[in-house]
Amino acid sequence: MQKPTIAPSILSADFSQLGVQVRSAALAGAKYIHIDVMDGHFVPNLTIGPLVTAALKPLALEMGLILDVHLMIEKPELLIPDFAKAGADILTVHVEACPHLHRTLQQIRELGVKPGVALNPATMLFAVAPVMSMVDYVLVMSVNPGFGGQSYIPESTARIRLLRQMLTELNSTADLSVDGGVKVDNAKMIANAGANVLVAGSAVFNAKASIAENMAQFWQALASE
Ligand code: DX5
Ligand code: ZN
């Protein structure tokens, strides 16, 4: 399993300073930048799309960042080509939004992007079993998707453990990502359960401390015994 890393979610960033803040996150050691795309239908919130993804691409290339795009939208197949063109490195779709999940993951792969699959907190893990060998990224929602700043759902930990076992049995090198309520004080526990990408929004971008300070605290927590 890859060393655990923090993927800052720009959902909580100051959008008037987006480039500056993403650069700070990169300088503080972030390798992934998590982009939350919401359509106001699949989730009750409306955020950003291919335009902002494309706007971040030159900076991502300069800083060696992976653009990890989380599609919380209905009919993702209609927008996947636009996100591929915008420079997404990983495109994650929700199993709940894809009646033809196998085809949608193939579509992403054919466009030269790494396919990912996400599960809401109440979705059976076996819903993704048939496609586990097709994906490079499995995302466990540890809050109900739609908003930053919610509390981690404790039952998520057992789900992470089981998904890690499923990936190990397949000899898969896919990332196992956890999204929602990740904080400095639960990061190590989540990594120990088997997650290697820890998405963190409000714990990275907030008014309490700088991005550099918040990231440093995460690295310290992950390095602890
Ligand atoms: C929630 C999003 C998350 C969100 C996490 O629907 O998918 O990526 O930014 O935010 P925090 O870390 O504040 O829970
Ligand atoms: Zn997300």
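**The sheet and its surroundings**

Tutor: In this predicted model, strand β4 (residues 90-94) and strand β5 (residues 114-119) run parallel and are joined by five bridges. Within this pair, Leu91 lies opposite Pro115 of β5. Helix α4 (residues 101-110) packs on the sheet here and touches both β4 and β5. The direction of α4 makes about 145° with that of β5.

The β4 and β5 pair belongs to an open sheet of eight strands, paired in parallel, whose order is β1-β8-β7-β6-β5-β4-β3-β2. At the edges stand β1 (5-8) and β2 (32-38), each of which pairs on one side only. From one strand to the next the twist averages 25°.

In that order, β6 sits between β5 and β7. Strand β6 (residues 137-141) runs parallel to β7, and five bridges join the two. One of the points of pairing is Tyr137, whose bridge partner in β7 is Asp175. Strand β7 (residues 175-179) is largely enclosed by the rest of the structure, because five of its five residues are buried. In a regular strand, side chains alternate between the two faces of the sheet. For β7, Asp175, Ser177 and Asp179 point one way, while Leu176 and Val178 point the other way. The residues on both sides of β7 are buried.

The axes of helix α1 (residues 18-27) and helix α2 (residues 50-63) come within 11 Å and cross at roughly 35°. The crossing of α1 past α2 is right-handed. On the α1 side, the contact is made by Leu18, Gly19, Val22, Arg23, Ala26 and Leu27, and on the α2 side by Val52, Leu56, Leu59, Glu62 and Met63. By class, this contact of α1 with α2 has eight nonpolar residues, one polar and two charged.

The second pair is helix α6 (residues 184-193) with helix α7 (residues 211-223), whose axes come within 8 Å and cross at roughly 40°. That angle makes α6 oblique to α7. Here too the crossing is right-handed, α6 passing α7. Val184, Ala187, Lys188 and Ala191 of α6 meet Gln217, Phe218, Ala221 and Leu222 of α7. The residues of this contact of α6 with α7 divide into six nonpolar, one polar and one charged.

How values were computed: Residues numbered from 1 in each chain as written. Chains lettered and ligands numbered in written order. Predicted model: local features only at pLDDT ≥ 70, side-chain atom pairs only at ≥ 80, totals over all residues. Heavy atoms only, no water. Axes fitted to C-alpha atoms, helices over the stretch in contact; angles between N-to-C directions. Helix = DSSP H or I, 4+ residues; strand = E, 2+ residues; numbered from the N terminus. Parallel < 35°, antiparallel > 145°, perpendicular 65-115°, else oblique. Left-handed = near helix turned anticlockwise from the far one by under 90°. Contact = heavy atoms within 4.5 Å. Nonpolar A, V, L, I, M, F, W, Y, C, P; charged D, E, K, R; others polar. Pairing = 2+ DSSP bridges. Buried < 20%, exposed > 50% of the residue type's maximum accessible area, 1.4 Å probe, protein only.
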